[in-house]
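Hello,

Here is the structure I promised to pass on to you. Have a look at it first, and then read my notes below.

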Amino acid sequence: MVKKKLTVRHAIAAFLITLLIFMAGAGVGYFVNEEKSNYLSDRISSARNQNSNMQLELLYIDVMGEEHACSVLETEVQETSSKLTELGQKIQSYQDAEDFGTTFFQLKDEYMFLQIRTWLMYEKMQRKCDTDSNSILYFYSSEYCSSCEGQGKILSSLKKKYGEDLLVFSLDTEWSQPILKAIKNDFNVTQVPTLIVNGEKHSGFQSQEEIEKELT
Amino acid sequence: MDTLLLVSAISFLAIYGSVFWLIILLESKDGVHEDPEPDEYPSVSVLIPAYNEEDCIAETVESALAIDYPGRVEVIAINDGSADNTLEVLKPYAERDEIMLVDKENTGKADSLNQVLEDVDTDLFASLDADSSVKPDALHYMVGYLKDPKVAAVTPSMKVKEPDTFVQKLQWIEYLTSILMRKMSAVLDVITVTPGPFTVYRTDVIRDIGKYDTDTLTEDMEIAYKLHNYGYKIENSLNAETYTYAPENMRQLFKQRIRWTRGSYQNLWKYSHMLLNKKYGTIGFYFLPFSVAMIFLAPFAFGFAVYSLLNAVQSWLTSFYDALVYGFSFDPLAFLFTLNGYYLTVGGLVIAIGLTILYASHKISGEKIAFSEKISYVTYIFLYLIFLNMMWIISFFEETLGVSRKW
C-alpha cells in the first residue's frame, strides 16, 4: 500500500516542470525566429546588392546615353523581382504564423522599400529601353482581406507560367510608410485586392483568365 | 503576442495538473499493486439492485455467487419494481437458497439500497450494479484495507466488459485511464467516486452517516463526498477487478455522461463548504478547488490545442493542394515558415505527457495497448476528450437553467 502526503515539494516540482515546458517552447520559438530572420535577411541583403547594381546600370545608361546596358539591366530587374516575389510569400506565411521576432518588422520594412525601389527602376527602364515584359503591381492587405490569399495564389501561378517575362510587385497596404500612401493616391487604390496590370487598373478579385487577357 | 499570453496562462493550469499527476505516478509506481494482507475476513453482503435488467442480471448474480472468500458472503438481489422479467430470472436462485431476494416497488437505486441496508447484518457490504460482474478474487484483495478504522470504503479497478462497438472501445481506453487516476487519487486520499460495480463499504459507517442520498443524480459520488465530509478515507485496489457493460452508442453515452457531470455539479454544490477549507485536508484545500478550476479552464486549453493542431494540418494540406492545383513546388522550408515554434513545442510536450499517461494507464491496469485499434486511440485523443469536455459545459448550462431530463 502506497501513501503519499501532498507536500509543498510536489506543488513546487510540478510548477517548475510546467514552467520548464513553457520555457522550452519559448526557447524553440526564439530559435526558430532567429532562423527565419536569418533566412529573410540573407535574401534581403542579396536583393539589396542587386538593387544597387541596377542603380549603377541606370546611371550608366543615363550618362552614356547608350543602350548597351539595357539587356544587363533587364535581366537584373527580372531576377530581383522574382526573388522578391518569392520572399514576399515567405514573409506573409511568417506573419500568418503570428510568430514575430523583434527583427521581423525591420525586415518587412526593408523588403517593402526594395519592392518599391525595384518597381520604380523597372518603370524607368521601360522608358529608356525597349522591353516587352509584363508587370503587375499588386495591392493587398496582410490583415483584412479574405480574397487576397486566392489572388496571391493566382499571381504565383501566373508567375510560374510566365517566368521572367512577368514581374509582380506586391505591396501590403497595411504598411504605413508615406511613399506607399503616395503610390496608393496616384493609382487611386480604394480596395484590396487591386491590380495594376501593365498600367491598367483592375479593382477587386481578378481571375487568372481576366489577368491573362491583359498580358502580352 | 496577446493571444500567446492568454493561451499560455490558461493552458498553464491544465498542464500543471497533468504534470502533477505524473510526479505522483513516478513517485508511487512501485508499490501500487500491493494490497495489505487481511488479518481477518469480516462478513460481507453483496447488494445487487436491479431495474429492468433481465438480460444481464443472471451473469451478475453468477459472478457474485462465484466470489472466493473465506468469510461469510451473502448475496442479496433487489428487484426494484422491474417491468420486465428480472424477477423471473432471479426466482430460481432464491428457491435454491443461493441468494436472498427482495422484491419491492420501484423507488430508484439509492432508496432500494437504503431499504435493504436497514436489515443487513454483515460487517461490510458491497454494491454491485446489475450490469456488472466481479472477479472471484476481488473481495480478497479489498478487505485488507479495512484494517485501518478510518477507511470506510474500498473501490475496485473497473474495466469495460466485452467492448464491441466503437463507442465501447473508446470507453475501454477511458476506463483504463480512470483506473490510473483512481489509484493515484487513493494515494493522496482524494477519491470522489465509489463506483457502483463492487465498492465495499463498512455497514455501520454508512448507516451512521445516513446511507445513500436519494436526491442527487449520482449517489455513488454523493456517498464518497459524504465519507470525506465525515473524515473517512476511501481506498482502491488495482487487483480487485470488476467488469461493467458500457453504453454502446453515442446517444446512450451522452445521456450517461450528462447524468454524471450534472451529478458532479450537484455534489460540488452540496459539499461546497469543503472547498478551500483547511479542515478537509488535501481534498478540500487542493483537490476540489483545482478540479473546479479545471472544469472551466480545460475546455479552453484543450480547444486551443486542437485548434492549433488542426491549423497546422490545414496549412500543410493547403500547400499540398496548391502544389497539385497551381503546380507550385512543395517546399518543406516554406512549410516551416508557416509554423509557430512556441506553440509547436509546448503542444508537442503536452501530447508527450498525454501519451505517457495513456501508456501508464495500460501498464497499471495490466492491459496491452491494442495496436489493432489505432482508430480508436486517435479518436480518443483528438475527439473523445473534447466530447468529455463538452459534457461539462453542456451540463453546466442544463444544471444552472434547471433543465429536467428523464434518466
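The centres of domain 1 and domain 2 of chain B, taken over C-alpha atoms, are 33 Å apart. Domain 1 of chain B covers 2-23 + 283-401, while domain 2 covers 33-275; these bounds come from an automatic or database domain assignment. This is a predicted model, in which local features need pLDDT of at least 70 and side-chain atom pairs count only at pLDDT 80 or more, while totals for chains, interfaces and linings use all residues. Residues are numbered from 1 along each chain as its sequence is written, with chains lettered from A and ligands numbered from 1 in the order in which they are written.

Where the two domains touch, 28 residues of domain 1 of chain B and 24 residues of domain 2 of chain B take part. Two residues are in contact if their C-beta atoms, placed from the backbone, lie within 7 Å. On the domain 1 side, α10 (281-325), α12 (341-364) and α13 (374-401) of chain B each give at least two residues, and α13(B) gives the most, with 12 residues. Helices here are DSSP runs (H or I, at least four residues), numbered from the N terminus.

That side of domain 1 of chain B has 17 nonpolar, 7 polar and 4 charged residues. Ala, Val, Leu, Ile, Met, Phe, Trp, Tyr, Cys and Pro count as nonpolar, Asp, Glu, Lys and Arg as charged, and the others, Gly among them, as polar.

Now for the two chains: 33 residues of chain A are in contact with 33 residues of chain B. The largest share of the chain A side, 17 residues, comes from α1(A).

Happy exploring!
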